[in-house]
Amino acid sequence: MANLQKSISSPQELLRDKAWARWTALVLLASAMFFAYIFVDVLSPLQEYLQSTKGWDPSAYGRFAGSETFLNVFVFFLIFAGIILDKMGVRFTAILAGAVMVAGGFINYYALTDSFMESGLKNFMDDFVNLPDTWWNITPFYDGMPASAKLSAIGFMIFGCGCEMSGITVSRGIVKWFEGKEMALAMGIEMAVARLGVAVVFLGSPAIATFRDNISVSRPIALSVLLLLIGLIGFIVYSFMDKKLENEMGSNGEVKDDPFKISDLKYIFSSKVFWIVALLCVLYYSAIFPFQKYANNMLQCNLGISAEAAGRVFFVFPLGAAAITPLLGNFLDRKGKGATMLIWGAILMIICHLTFAFVLPATRSAVIAYSAIVLLGISFSLVPASLWPSVPKLVDNRLLGSAYAVIFWIQNIGLYAFPMIIGAVLAATNPGVENAMDYNYTVPMLVFASLGGLALILGIILKALDAKKHYGLELPNIPSEKSLEAEVESAEG
Ligand SMILES: NCCCC[C@H](NC(=O)[C@@H](N)CC(=O)O)C(=O)O
């Protein structure tokens with residue numbers, strides 16, 4: 001079977017045809033994403049300590065948290081990142097992205113140190129961008145925001161550029177090494193490893209911050225900057241493998257594509273199926289990542305439990321998704337059914353958010369909460385495991401970096417807007433509520449469920465379009481022995 005595949009795809013064995021080589025490439029790429037996702041959430045469980053030691057109120061914390069996507073969305077950094085990726089290739093972009101993450105991470109770390117508090121830069125930051133804290137101020141800064149939060153936001157927005165650039169580069173890199181092989185499994189493993197990073201942080205970050213009862217928010221972030229540095233070294237090591245593969249591909253006559261031109265972006269923007277996938281992505285992810293920011297408090301309010309206890313309930317979400325995503329990736333590689341998986345992912349998400357909206361407040365049952373979280377974890381495996389490996393079936397390889405970047409950019413708009421929209425809806429539907437344990441989350445959860453409803457409609461349209469235009473979304477990534485034999489027979493005439 002392996003020989004048959006080789007005889008069709010390439011006359012000479014390439015580095016990526018060796019299992020050890022392509023899985024080593026994946027380890028290097030996935031480790032960098034693991035460290036990146038650790039950094040993304042390293043401060044998320046420390047909101048209380050940021051308030052008590054650095055004076056960050058919920059407003060300052062919210063602005064800091066939103067800053068990650070700011071440059072990507074409003075300065076179009078992600079679009080430039082896609083163009084850089086298609087023009088300069090995976091290894092250059094990976095190293096650049098890794099270096100940008102380290103630089104942003106270091107600034108974020110410095111902002112939380114005592115040396116910054118005693119520096120002249122702190123005074124400068126106090127005078128820097130002092131717009132009022134109102135709805136029309138979409139910057140991550142406002143008048144009276146602590147200087148440490150302002151500089152942290154600058155660091156986090158720079159980190160966010162590197163992180164999203166890494167995200168698209170890693171996807172492109174996986175396609176390069178795994179196309180025609182275990183591509184969805186590899187993407188599933190990469191995402192599972194990233195989810196583990198989130199799970200690790202929710203347990204590890206508070207433990208490190210309170211080590212020996214000496215509270216320090218800069219301690220966990222220092223450690224995670226160190227991890228980002230290891231991720232950058234991983235990207236550098238990867239680049240040697242990438243170079244070797246590319247040399248082989250060149251000498252083998254495998255890469256004969258026309259070089260990428262910026263004007264080619266019109267092929268992406270004019271593709272109906274691309275827009276369906278991009279909109280499905282923004283709708284689905286807007287009901288997941290922004291939900292993550294409110295999930296703990298929603299569980300507290302509905303179950304009457306502490307933040308720590310709610311965290312332990314929610315912890316099963318990234319963990320479950322990490323366990324299931326590679327299995328579903330493997331299923332997609334061998335059996336296909338990508339569009340169907342997207343539809344089921346949206347259906348499960350609607351059921352879960354409706355449960356949080358109506359059933360949980362009525363029953364206050366921990367069993368129901370756990371069941372819904374587990375179901376949401378399955379949904380969060382079905383959609384990512386099928387969405388990202390489907391993109392190469394819809395877009396020319398040469399445009400793939402830009403295509404991933406445009407999808408990420410559209411997705412980032414949702415990730416920027418929905419935490420704010422949900423916050424506003426929560427405030428509007430709970431007038432006069434002062435205790436953070438007393439919020440009614442029914443309407444915000446209905447907003448998330450509606451996003452799932454729209455994603456479901458797009459999933460159905462996508463499946464119908466696939467049946468009509470034969471994009472292959474329902475087909476496996478690894479060709480079956482039968483189809484290879486048929487191909488050989490037809491090639492032999
Ligand atoms: N190689 C990564 C594929 C995408 C994984 C996906 N991440 C995103 O969509 C990010 N843009 C999200 C973010 O901004 O944090 C995921 O499922 O995690």
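Modeller: Helix 15 covers residues 289-303, helices here being DSSP runs of H or I with at least four residues, numbered from the N terminus. It has 15 residues, and its first and last C-alpha lie 21 Å apart, close to the 21 Å expected at 1.5 Å a residue; the expected span is 1.5 Å times one less than the number of residues. This is a predicted model, in which local features need pLDDT of at least 70, side-chain atom pairs count only at pLDDT 80 or more, and totals for chains, interfaces and linings use all residues. Residues are numbered from 1 along each chain as its sequence is written.

Helix 15 has a kink of about 45 degrees centred on Ala295, where the bend is the angle between axes fitted to the seven residues ending at a residue and the seven starting there. Ala295 is also among the buried residues of helix 15, together with Pro290, Phe291, Tyr294, Asn296, Met298, Leu299, Gln300, Cys301 and Asn302. Buried means that 20 or more other C-beta atoms, placed from the backbone, lie within 10 Å of the residue's own.

The cover over these buried residues includes helix 14 (272-286), helix 16 (307-314), helix 18 (338-363), helix 19, helix 20 and helix 21 (442-469); contact requires C-beta atoms, placed from the backbone, within 7 Å. Helix 19 (366-394) and helix 20 (400-429) are also among the elements that give two or more residues to the shell around the ligand. Just after helix 15, Gly304 has a positive phi of about 65 degrees.

Methods:
A residue is buried if 20 or more other C-beta atoms lie within 10 Å of its own, exposed if 12 or fewer, and partly exposed in between; C-beta atoms are placed from the backbone. Two residues are in contact if their C-beta atoms, placed from the backbone, lie within 7 Å.
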